[in-house]
Amino acid sequence: MSNRNTKLRLLEVAHDLIWESSYGSVSVDDICEKAAVAKGSFYHAFKSKSELAVAAFENHWEQKRPALDQLFSTQLPPLERLKRYCDFAVADQLGKYKTLGKVAGCPFSSVGCELSTQDENIRQKAHELNARMVKYFTSMVLELIAEGTVQETDAVELAKEMCAYITGVLTQAKIDNEITLVQRMLPGLLRLMGIHKAI
């Protein structure tokens, strides 16, 4: 296996193992075993598990970004973007639920919550990824305000509140192991924006 393939394999395995359980419960040995990579090769690619986790979540984001760009395309009406994003989130969680038999929640926020007071690099990466999501939502909210669907407000703050709501829903769904909470995400976001109609 080439150095590039080894690194990519470690990134993918680390992301999946941490998402499916937790950062604290997954060891370097676990990652190496699942990835079929020697421990020496691990430390050749990454200085620590923390560095690997940061890189793994950045890699996961880059894999997901084309889908997000498409979902939030300005060629779509803003409320259609929101609906498609929620459908995407539900499908993502349902896929994990069928595989694991439990709700996995958001990988970024799960690790961010677990380590925000212990590992600044991981906390910063989780914060950075959330900020990227806020940008997608801000663009959508600005259009909704411009067309009069949403009342004049601070678009960035509303976008942050929407992303915080999504994080909360995914976290509670994980705690309760209740996938229907995720399926009710869209109506909650509409209420948060003051929109009282189904889409």
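This is a predicted model: local features need pLDDT of at least 70, side-chain atom pairs count only at pLDDT 80 or more; totals for chains, interfaces and linings use all residues.
Over residues 27–46 the chain is 75% helix and 0% strand, and the end C-alpha atoms lie 14 Å from each other.

Helix α1 spans residues 3–20 and contains Leu8. The C-alpha atom of Leu8 is separated by 9.7 Å from that of Ala35, a residue 27 places away along the chain.

## Two residues with positive phi

Most residues other than glycine have a negative phi. Ala36 has a positive phi, near 60 degrees. This alanine sits in the loop between α2 (28–35) and α3 (39–45). Ala36 is exposed, its relative accessible area being 64%.

Asn177 also has a positive phi, near 50 degrees, and is found in the loop between α8 and α9. At a relative accessible area of 31%, Asn177 is partly exposed.

## Packing of α1 against α5

Two packed helices are described by the angle between their axes and the distance between the axes. For α1 and helix α5 (residues 78–100), the angle is about 80 degrees and the axes are 12 Å apart. The two helices are therefore roughly perpendicular, since angles from 65 to 115 degrees fall in that class.

On the α1 side, the contact is made by Asp16, Trp19 and Glu20. On the α5 side, the residues are Asp92, Gln93, Lys96 and Leu100. By class, the contact has four charged residues, two nonpolar and one polar.

## Ala126 in helix α7

Ala126 belongs to helix α7, which covers residues 120–146. Ala126 counts as buried because its relative accessible area is 17% and the cut-off is under 20%. Apart from neighbours within four places in sequence, Ala126 is in contact with Phe108 and Gly112.

Val156 is 30 residues from Ala126 in sequence, and the C-alpha atoms of Ala126 and Val156 are 18 Å apart in space.

## Helix α10 and its cover

Helix α10 runs over residues 185–192, and its buried residues are Met185, Leu186, Gly188, Leu189 and Leu190. The elements covering these buried residues include α5, α8 (155–176) and α9 (179–183). The helix is followed by Gly194, which has a positive phi near 80 degrees.

## Cysteines

The structure holds zero disulfides. Cys32 is buried, with a relative accessible area of 6%. Cys163 is in no disulfide, and the nearest cysteine sulfur, that of Cys106, is 10 Å away.

Notes: Residues are numbered from 1 along each chain as its sequence is written. Side-chain values use heavy atoms; hydrogens and water are left out. Helices (H or I, at least four residues) and strands (E, at least two) are DSSP runs, numbered from the N terminus. Axes are lines fitted to C-alpha atoms, for helices over the stretch in contact, and angles run from 0 to 180 degrees between N-to-C directions. Angles under 35 degrees count as roughly parallel, over 145 as roughly antiparallel, 65 to 115 as roughly perpendicular and the rest as oblique. Contact means heavy atoms within 4.5 Å. Ala, Val, Leu, Ile, Met, Phe, Trp, Tyr, Cys and Pro count as nonpolar, Asp, Glu, Lys and Arg as charged, and the others, Gly among them, as polar. Buried means under 20% relative accessible area, exposed over 50%, partly exposed in between (1.4 Å probe, protein chains only). A disulfide is a pair of cysteine sulfur atoms within 2.5 Å.
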